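Dear colleague,

Please find below the structure that I am handing over to you.

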Amino acid sequence: MTNDSIPNLTAFDDESLDKAFAELRDQAKAVADAVDSSEALEAFRLSWLGRKQGRLNEVSSRWLKAAPPEAKKALGQRFNEFKQFLLTELLLELDQRSKSADAALKAQALDITLPGTRRLLGAEHPITRTMSEIVSVFAALGYSVGVGPEVETDYYNFESMNFPPGHPARDTQDTLVIASQERKPLRDRLLLRTHTSPVQMRTMELEPPPVRIVIPGKVHRNDAADATHSPIFHQVEGLCVDTHITFSHLKGTLDHAMKALFGSAVKTRFFPSFFPFTEPSADVQISCIFCGGKGCRKCKQSGWIELLGCGMVDPAVFAFAREKQPAYDPKKISGFAFGMGVERIAMMKYGISEIGQFYAGDMRFLSLFV
Ligand code: PHE
């Protein structure tokens, strides 16, 4: 329907006017009867009452303007009645009707037999959970918690940890190096840290002894991914420096920590090892938690499983710390450090055989930890 369908009025006597307005009413009613939704109602409202294009406007400009002066009053009256009719009766009634039509539609759309929307509860990732568990074992012993940057300088990651430039020990911890840094001195060049040990040095530079700190964090290595290796993994570092700290303290601390993590039946043993930043160094093994030490496939029949690295802080490391904190004098203080892989510990605790499960984001795996 367009505004063109408003005819011109030629006769202005009462009868002709009544007839003309009755026709308008019929037209409006016909369209109104077809209205079945709130959208259609709005379209109807616009087509009749719209400010610019509305048909009522058109009636006013065609009929009222063309009317001879003596007919204007009669025409105006009927015009107002018609407008009133449109506004009150029609719109009001239609509004009611479209509301109930919408409600009927909505009622149809609600199928109470469908399952509801279930909101899953979030849970800590098993790595995060294991990391906090390790940290709280040491927090209970009076250790504080520290963090450091994942993008680290060559100095903190290697040099100050007693891996001199060009030393073959660096090859055991190959990593990604930030590009285009050739103009910088080696010690300032940035890389993705290969262990959390650089935070040992950052801590000592900021605080004089005594220090007892654990450092959880993410580390990176150029390792091929397999069932037990991932190029990105997590560690918890530990550092304790004070007067008269001995290897016995180290043994007692880690033996306690392993029992706290794996149960009091677990035994520990210390095997000679090498790290540039500790002397002596050791690998800590725990009695196999799967067979109780009898020997099984998991422990390759040995009854023992290697779990972490540790040792007494090398005096060469204290020498680097002394550049900022003279109190790290190896004649007066001593200390131990340790570093453990969080994934490895989580895999043992939860009996997981594929490290990749931690990173795959598979809900079937993750929901085991809710
Ligand atoms: N930083 C060593 C590693 O990542 C672990 C370690 C930490 C060993 C502290 C000894 C002392 O392999």
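The notes below describe the domains, the surroundings of the ligand and some points of the backbone.

Please bear in mind that this is a predicted model.

Domains

The protein chain is divided into two parts: domain 1 covers residues 11–108, and domain 2 covers residues 126–369. Taken over C-alpha atoms, the centres of domain 1 and domain 2 are 83 Å apart.

The ligand and its surroundings

The ligand has 15 residues around it, and those that come nearest are His-195, Ser-197, Arg-221, Gln-235 and Gly-339. Three of these names return when polar atoms are considered. In the side chain of His-195, an N or O atom is 3.0 Å from a nitrogen atom of the ligand. Ser-197 likewise places a polar side-chain atom 2.9 Å from a nitrogen atom of the ligand.

How much of the ligand does the protein bury? Taken alone, the ligand exposes 330 Å², and the protein buries 93% of that area. The space that the ligand takes is the largest pocket.

Which elements give two or more residues to the shell around the ligand? They are the strands β5 (232–242), β8 (304–313) and β9 (334–341). Of the elements, β9 gives the most, with three residues. Sorted by class, the shell around the ligand holds eight polar, five nonpolar and two charged residues.

Points of the backbone

Most peptide bonds are trans, and most residues other than glycine have a negative phi.

Pro-209 and Pro-210 are joined by a cis peptide bond, with omega at about 5 degrees. Pro-210 belongs to the loop that runs between α7 (198–206) and β4 (211–220). A cis peptide bond also leads from Glu-279 to Pro-280, where omega is near -5 degrees. Pro-280 is placed in a strand, namely β7 (residues 278–287).

Where is Ser-180 found? Ser-180 lies in the loop between α6 (154–157) and β3 (190–192). Although Ser-180 is not a glycine, its phi is positive, at about 60 degrees.

With kind regards

Terms used: Residues numbered from 1 in each chain as written. Predicted model: local features only at pLDDT ≥ 70, side-chain atom pairs only at ≥ 80, totals over all residues. Heavy atoms only, no water. Near = heavy atom within 4 Å. Polar contact = N/O pair within 3.5 Å; in protein donor to acceptor, adjacent residues only side chain to side chain. Areas by Shrake-Rupley, 256 points an atom, 1.4 Å probe, with all protein chains shown as cover. 1 Å grid on protein atoms, 1.4 Å probe; cavity = no way out; pocket = protein on both sides within 12 Å on 5 of 7 lines; lining within 4 Å. Sits in = over half its atoms within 2 Å of the grid points. Helix = DSSP H or I, 4+ residues; strand = E, 2+ residues; numbered from the N terminus. Nonpolar A, V, L, I, M, F, W, Y, C, P; charged D, E, K, R; others polar. Domains from an automatic or database assignment.
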